[in-house]
Amino acid sequence: MGSRQEALATDMDRQIAIMQEMREASLSLAARPLGYVDTYGCQQNESDSEKLRGMLVEMGYGITKDENAADVAILNTCAVRKKAETRVLGNVGALIHTKTANPAQIIVFCGCLAAVPETVETIRESYKHVDLVFPPSQIWRFPEFLERTKNEKKRVFIDDDESGEIHEGLPLHRDNAVRAWLPIMYGCDNYCSYCIVPYVRGRERSRDASVILDEARALVASGCKDITLLGQNVNSYVRQGDGPLVSSDFPNLIRAINEIDGEFLIRFMTSHPKDASYELFQAMAECDKAARHIHLPFQAGSNRILKAMNRGYTKESYLEKIAMAKELMPDIVLTSDVIVGFPGESEADFYDTLDLIKKADFDAMFTFIFSKRPGTPAAEFPDNISREEKQTWFEQLVDLQNEISERKHESYIGKSVRILVDGEAPGEKYPLRARTNGGRLVHLLDAPELIGQFAEATITHCNNWSLFGEVNK
């Protein structure tokens, strides 16, 4: 073991020792302390929150969904859009009431916004009830930071960044035993001109293949049926260590996981179009456990705007890849992201986006109006498009995609499809939630004994975003 690896192991041993010490302290209390974790943003944040909950449990905390009952309240934040930031800060402000009712409560602000200097300064000056702030790269040191906050009884702000290292061995606490997030890499090297992620999550770092495979095997052994491989750009995964992969790429990681015994599905996100290859689609087509779904954000249909976004592909090359995926997998479900009103976008550029949507024929799409993020190149681009015009374009785009999604979903009606029943859902008539192989949400009539199992269901009706059905008897 090299000196750097030894240092990393020593650092992690320290965190483990702190968790054990704090667990003993927690267990000595008359009542078990409680931790609350509120998560915003992407699936990577969801995965990080599983680690935060895991560390809380290791430190002797119970987990609560009530911030008022929490001894430690954590907000794991998202920095991708202004709307998300505004919502987070509003909820941070509301926690002053829980702090007033329980002055000993420790409020933690972490996640991507905790790596944005302007936001950290806002928290420092205007949200003085927040006790602990640290960026995503420092999540593994949470036990150390929490201990320091408790012992020093003063606010702790961590601004040093160690985004070049991956620290393995953190405990996890998952809310769902059926579905799981499995990070395979962290960070991003793409630097799209509108995106803050590379600045708050750091450069790309891939996990050791053998560690990923061991984690996947453990998930399957525990009964997990739906594993989503995570990364800011999973296509950029590069083999690390001496794992049993044939070559250094993402398609062969899918193939290796597919060889694990058991009945389960492999999903992944997010996939960058510039790196989505024929070999990736071929691996998906060949692997029986690979879900027939790919989320491939295109963001804009104008080559001029794509270049300004620094996306690294053209409208034509994107559509070629879509055609390639459909040829290999005729039943593929396609979803995507698009940004409306990027600085400098013209009406002609917008119509290029509508044209791409018509040709790609997405099953569903996540649509966003451009959100300026300080610190990114696009934040400085001239933007002469009025908010009203952006809203008009947005509504036009949503109407088009809704028509396509409704047509796609109507094609399921009367058909029997294989589903994974993964949990309960709000609502009396359709109290269960399931997913098709292609990731389409299905609301089910009552059959609670099927949670965690694959089944066949007949689709009875639909709306733009989901299907409704009943399990075949």
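**Note on the predicted model**

1. Cys110 is buried, with a relative accessible area of 2%, where buried stands for under 20% relative accessible area, exposed for over 50% and partly exposed for what lies in between, computed with a 1.4 Å probe on protein chains only. This is a predicted model, in which local features need pLDDT of at least 70 and side-chain atom pairs count only at pLDDT 80 or more, while totals for chains, interfaces and linings use all residues. Residues are numbered from 1 along each chain as its sequence is written, and side-chain values use heavy atoms, with hydrogens and water left out.

2. How many disulfides does the chain have? The count comes to 0, a disulfide being taken as a pair of cysteine sulfur atoms within 2.5 Å. Cys110 is in no disulfide, and the nearest cysteine sulfur, that of Cys112, is 9.7 Å away.

3. The chain holds 14 helices and 19 strands, which are DSSP runs numbered from the N terminus (helices: H or I, at least four residues; strands: E, at least two). Its radius of gyration is 23 Å, close to the 23 Å that the globule rule gives for 473 residues, so the chain is as compact as a globular protein of that length; the radius is taken over C-alpha atoms, and the rule is 2.2 Å times the number of residues to the power 0.38. Along the principal axes, the C-alpha atoms fill a box of roughly 60 × 55 × 55 Å.

4. Of the 473 residues in the chain, 55% are buried. Among contacts with a separation of 6 or more, 73% come from residues 24 or more positions apart, a contact being heavy atoms within 4.5 Å.

5. Most residues other than glycine have a negative phi, and most peptide bonds are trans. The peptide bond from Met269 to Thr270 is cis, with omega near 0°, and Thr270 is found in the loop between β11 (265-269) and α10 (278-286).

6. Gln299, in the loop between β12 (293-295) and α11 (303-309), has a phi near 70°, a positive value in a residue other than glycine, and counts as buried at 9% relative accessibility.

7. Is Asp361 buried or exposed? At 16% relative accessibility, Asp361 counts as buried; the residue is placed in the loop between α13 (347-360) and β14 (364-369), and its phi, near 60°, is positive although the residue is not glycine.
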